[in-house]
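Please read these points with the model open beside you. They take up the metal site, the pockets and the salt bridges in turn.

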Amino acid sequence: MLAPLRFDVRQARGRRYPETPHPYRNDFQRDRDRIVHARAFRRLEDKTQVFAPGLSDHFRNRLTHTIEVAQIARTVAGVLELDLDLVEALALGHDVGHPPFGHSGECELNRLMKAHNAGFDHNLHALRIVEWFEQRYARFPGLNLTFEVREGIAKHSRDIEPGEVPELDAYLPGLRPPLEAQLIDLCDEIAYNTADLDDGYAAGLITLGMIGAELPDVALFRDDIESKYPGANEHMKVQEMVRALLNWLVSGLIEGTVDAARASGARDMEGVRHAPRRLAQYSSEIAAASEALKEFLRRHVYHSELVERDRRSSIDKLAQVFGTMLRHPDLLPEDYRELTAAVPLPRAICDYVAGMTDGFLLRTWEQLRSTGRLE
Ligand code: MG
């Protein structure tokens, strides 16, 4: 399919600290394994995707979401004949920089940092994790990942223009990342759009009737399933529908990417890098369907009372922990206090809080409250 555009691991620019090759794993395979063995990866288990842990044992958390993204991305990359190891490493790492409490946790940290003329971005934070906070090797800080994996993290959601983000100047601003990296954001979107429909139904926020009334494309799948399995219960019909929808979205991504790659005239990896736009894209039909799906989920799931109620109290606690540590830096663990020699105090606190799981943040808040230090 797009084999000539595959990023060949032998072309990798290498690691910051040179290492001897492994006898039977190539560089991208090693990077994938380093991410899986990282603490930040394990902490994803107790980070909210959409529904807070504790509401049900069946909803996605950020770890199971990550595994779903990796599975979808591998399928797409396999069909397109791209590098599966690079895709898998990037998919497994795509959310390691996510703070507690999902998207609202990210917005709140960004808001708190704005008061210090800074901000918070989970992709930049992921880079700080893999470059610094993961301490597993005696010879170097961080995971010492290849350039391409770090670049893929830096450009996960969007490309960077020259001079736009000074700390990312090393990551080829103005150029597109490899096609493998371009796919991740869209596979992420497919994974959460379908999973949130599934979890939203399980949470009682969505019915088949609402889907039929508001999402005409998805309703076609529902009609098809109802004629095939008229006796199936609603739960089973939703499962069948979500699966059909997932296949449809993935096919649209494959088709859109092949069309864009052919239209661009790109012949190799350099052609991908110098293309005026990203080549990974949905077909136009799927792009519209995906937008409609997002809007539907915003209305009925993300802004639902069930999700909002939990969000408000979690976000208040995050802000209180941040504010208390700002006034009492002695409360920070020693390694983060030492970090203030290199970065301003608010950044060190932001790094510390962003690394927390939901559960750890709530325990920290409770401890500060019960010892009378919370402000
Ligand atoms: Mg994600």
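1. Is His94 buried or exposed? His94 is buried, as its relative accessible area is 5%. Buried means under 20% relative accessible area, exposed over 50%, and partly exposed in between, with a 1.4 Å probe and protein chains only.

2. A note on the basis: this is a predicted model, in which local features need pLDDT of at least 70, side-chain atom pairs count only at pLDDT 80 or more, and totals for chains, interfaces and linings use all residues. Residues are numbered from 1 along each chain as its sequence is written, and side-chain values use heavy atoms, with hydrogens and water left out.

3. His65 (NE2), His94 (NE2), Asp95 (OD) and Asp188 (OD) coordinate the magnesium ion at 2.2 to 2.6 Å. Donors are N, O and S atoms within 2.8 Å of the metal (3.2 Å for Na, K and Ca); water is not among the atoms, so sites may look incomplete. Along the chain, the donors have the spacing H-x28-H-D-x92-D. His94, in the loop between helix H4 (84-93) and helix H5 (102-114), and Asp188, in helix H8 (residues 179-202), are 94 residues apart, and the pair links distant parts of the chain. Helices are DSSP runs of H or I with at least four residues, numbered from the N terminus. Asp188 is also buried, at 8% relative accessibility.

4. The largest pocket holds about 890 Å³ of space. A pocket is an open set of points on a 1 Å grid over the protein atoms alone, with protein on both sides within 12 Å along at least five of seven lines; lining residues have an atom within 4 Å of a point. Its volume is the space filled by probe spheres set on the points, which are joined across faces, edges and corners. There are 36 lining residues, and Arg62, His98, His103, Tyr192 and Tyr302 lie nearest the centre. H14 gives the most to this lining, with 6 residues.

5. The structure holds 36 salt bridges. A salt bridge is a side-chain nitrogen of Lys or Arg within 4 Å of a carboxyl oxygen of Asp or Glu. One joins Arg373 and Asp330, whose closest N and O atoms are 3.4 Å apart. Arg373 lies in the segment after H17 and Asp330 in the loop between H14 and H15, so the pair ties together parts 43 residues apart in sequence. Arg373 is partly exposed at 31%, and Asp330 is partly exposed at 47%.

Terms used:
Helices (H or I, at least four residues) and strands (E, at least two) are DSSP runs, numbered from the N terminus. On a 1 Å grid over the protein atoms alone, a cavity is a set of points where a 1.4 Å probe fits but cannot get out, and a pocket is an open set with protein on both sides within 12 Å along at least five of seven lines; lining residues have an atom within 4 Å of a point.
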